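Take a slow look at the fold before reading on. The paragraphs below walk through it piece by piece.

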Amino acid sequence: MQKFTTSIICLLMASTILFSSCSTILQGSKQQVSIQSLTKESKILVDGEEVGTDNATVRLKRNRNHSIVVKKPGYENKVVNMEKQTQAGYIVADALLGLTGFGLAWIIVDAATGSWFKFDKDNVVVELEKSK
């Protein structure tokens, strides 16, 4: 029984090393973004889902682009697109670490989780204009 338990522990440790990769470990698959509206009582939506009024802090998945909409009746909606940008340094690091034999797994994990990417902004501040 002890041999079986030791084998399971070794397998779990090896899996952790094998499937954890450079950018996934260092920055994760989500990025925190703060959103602030200077126009009081305005609603904040991310990808169509309401996340707050006036201020919100959200954790956005790095593997895709997102759309932030701030709106209030009587005002023009403001749309802010969050564009993912590739961080080439992590790709190079994964490739170099790949020389150890685990590189393909690290590249697959980082690509799938989106941890290679970063959004072009961490803070979004919006002021709405009255409708004409």
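A residue is called buried when its relative accessible area is under 20%, exposed when that area is over 50%, and partly exposed in between (1.4 Å probe, protein chains only). Helices (H or I, at least four residues) and strands (E, at least two) are DSSP runs, numbered from the N terminus. Residues are numbered from 1 along each chain as its sequence is written. This is a predicted model: local features need pLDDT of at least 70, side-chain atom pairs count only at pLDDT 80 or more, totals for chains, interfaces and linings use all residues, and side-chain values use heavy atoms, with hydrogens and water left out.

Next, see what β4 pairs with. Two strands pair if DSSP finds at least two bridges between them. β1 and β4 run antiparallel and are joined by 7 bridges. In general, strands of a sheet pair through backbone hydrogen bonds, either parallel or antiparallel.

Contact means heavy atoms within 4.5 Å. Leaving aside residues up to four places away in sequence, V33 touches A56, T57, V58, L60, M82, K121, D122 and V124.

Now go to the nonpolar core. Such a core is a set of buried Ala, Val, Leu, Ile, Met, Phe, Trp, Tyr and Cys residues joined through side-chain atoms within 4.5 Å. The largest one here has 16 residues. V33, I35, L60, I68, M82 and V124 have the most contacts inside it. Two or more residues come from each of β1 (30-37), β2, β4 (55-61), β5 (66-71), β6 and β9 (123-126). β4 gives the most, with 3 residues. In soluble globular proteins, nonpolar side chains tend to be buried together.

Turn to the open sheet. Its 4 strands have the order β3-β2-β5-β6, with antiparallel pairing. β3 (49-53) and β6 (78-82) stand at the edges, each with a single partner strand, so one side of each has no neighbour in the sheet. On average, neighbouring strands of this sheet are turned by 25 degrees against each other, direction ignored. (Axes are lines fitted to C-alpha atoms, for helices over the stretch in contact, and angles run from 0 to 180 degrees between N-to-C directions.)

Zoom in on β2 and β3. Strand β2 covers residues 43-46 and pairs with β3 in the antiparallel sense over 4 bridges. L45 has E50 of β3 as its bridge partner. V46 stands opposite E49 in β3. The hairpin has 2 residues between these strands, and D47 takes a positive phi near 55 degrees there.

Is H66 buried or exposed? H66 sits in strand β5 and is buried, with a relative accessible area of 5%. A polar contact is a pair of N or O atoms within 3.5 Å; within protein, one must be able to donate a hydrogen and the other to accept it, and residues adjacent in sequence count only if both atoms are side-chain atoms. The H66 side chain makes a polar contact with the side chain of D47 at 2.6 Å. The side chain of H66 also reaches the backbone oxygen of K61 at 2.8 Å.

Two loop residues deserve a stop. E41 lies in the loop between β1 and β2. Its phi is near 65 degrees, a positive value in a residue other than glycine. E41 counts as exposed, at 61% relative accessibility. D54 is found in the loop between β3 and β4. D54 has a positive phi of about 70 degrees, although it is not a glycine. D54 counts as buried, at 15% relative accessibility.

Finish with confidence. pLDDT is the predictor's confidence in each residue, from 0 to 100. The protein averages 79, and 63% of the residues score at least 70. Among its elements, β2 has the highest mean pLDDT (98) and helix α2 (residues 22-27) the lowest (53). Over residues 15-21, pLDDT stays under 50.
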